[in-house]
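Thank you all for making the time this morning.

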Amino acid sequence: MKINFPVLDEPILINRSTCLVIEDVQVFAKVVQLFYQYEGEGDLKLFDDKQRAVKPAELMIVIDVLGFEINSAATLKLIYADLEEQLNENLEIKGKIESLVANIGDLLAEELIEQELDLQSGELTILDLFKVFNIRIETRSDTIFEKVLEIIQVFKYLVKKKLLVLINVSTFLTQQERLELEKQISLQEIDVLFLEPRKVSGIKQLVLDKDYFLLEENMI
């Protein structure tokens, strides 16, 4: 994964866990805005390993970790589609579910006939059932570290996403937690960019200083 953005002559390579520190506040704010408004063109450009431009839908940005909704509509839509595909591979179970749904529909239809109003019901699909039973990701995060782990696990599941950008997250993590995140990211084999406004102790990082020099540092 490569990133091109203003004030840099060379692209930044993103390989698994990459921490980019931008010390100039205005530049940091501008880069955050560019990521947030990313449309695949303009000052910020992202490319995958095959030099293909990354689409906006392939980018996942987390600015507010605590406010990030794990069970967003977009995420659940992908999960429901995957569940439906699993059922399509188990025709016996799918047939039983469809039979039960049909029986429920017949019972409801009989009750509707008894009403004075002219009522009708629609056909209930498998996807409708997922929503009715409120199938969603179980969240157990009590700390910011656990919340970030959940986000990483969800991102791994979203196979159409190419890059996860976590903004100003390291501020809330201990050195040990940050190292553990790097380990998990490596195990999950995903690309994650940590975008930070200040240096992070204990990890390797790219630092864009206030003179716009890009340096690689390993803070102790």
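This is a predicted model: local features need pLDDT of at least 70, side-chain atom pairs count only at pLDDT 80 or more; totals for chains, interfaces and linings use all residues.

Let me start with pairing, where two strands count as paired if DSSP finds at least two bridges between them; the elements themselves are DSSP runs, with helices being H or I over at least four residues and strands being E over at least two, numbered from the N terminus. Residues are numbered from 1 along each chain as its sequence is written, and side-chain values use heavy atoms, with hydrogens and water left out.

With that in hand, strand β1, residues 2-4, pairs with β2 in the antiparallel sense over two bridges, and the bridge partner of Lys-2 in β2 is Leu-13. These strands belong to an open sheet of three, ordered β2-β1-β4 with antiparallel pairing, whose edge strands, each pairing on one side only, are β2 (12-13) and β4 (45-47).

Stepping back to the whole chain, the protein has six helices and nine strands. Its radius of gyration, taken over C-alpha atoms, is 23 Å, and because this is well over the 17 Å that the globule rule gives for 220 residues, the protein is more spread out than a compact globule; the rule is 2.2 Å times the number of residues to the power 0.38. Along the principal axes, the C-alpha atoms fill a box of roughly 80 × 35 × 35 Å. Of the 220 residues, 37% are buried, where buried means under 20% relative accessible area, exposed means over 50%, and partly exposed lies in between, using a 1.4 Å probe and protein chains only. If we take contacts, meaning heavy atoms within 4.5 Å, between residues at least 6 apart in sequence, 68% of them join residues at least 24 apart.

Now to β6, and the question of how many of its five residues are buried. The answer is five of the five, so this strand, residues 163-167, is largely enclosed by the rest of the structure. In a regular strand the side chains alternate between the two faces of the sheet. Here Leu-163, Val-165 and Ile-167 point one way from β6, whereas Leu-164 and Leu-166 point the other way. Strand β5, residues 59-62, runs parallel to β6 and is joined to it by four bridges, with Val-62 standing opposite Leu-166. Four bridges also join β6 to the parallel strand β7, residues 192-196, and there Val-165 stands opposite Leu-193.

In the loop between β6 and α6 (175-188) we find Leu-173, which is buried at a relative accessible area of 12%. Not counting residues up to four places away in sequence, Leu-173 touches Ile-144, Phe-145, Arg-178 and Leu-181.

I will finish with two backbone details. Gln-51, in the loop between β4 and β5, has a positive phi of about 65° although it is not a glycine, and Gln-51 is partly exposed, with a relative accessible area of 46%. Glu-189, in the loop between α6 and β7, likewise has a positive phi, near 55°, in a residue other than glycine, and at 55% relative accessibility Glu-189 counts as exposed.
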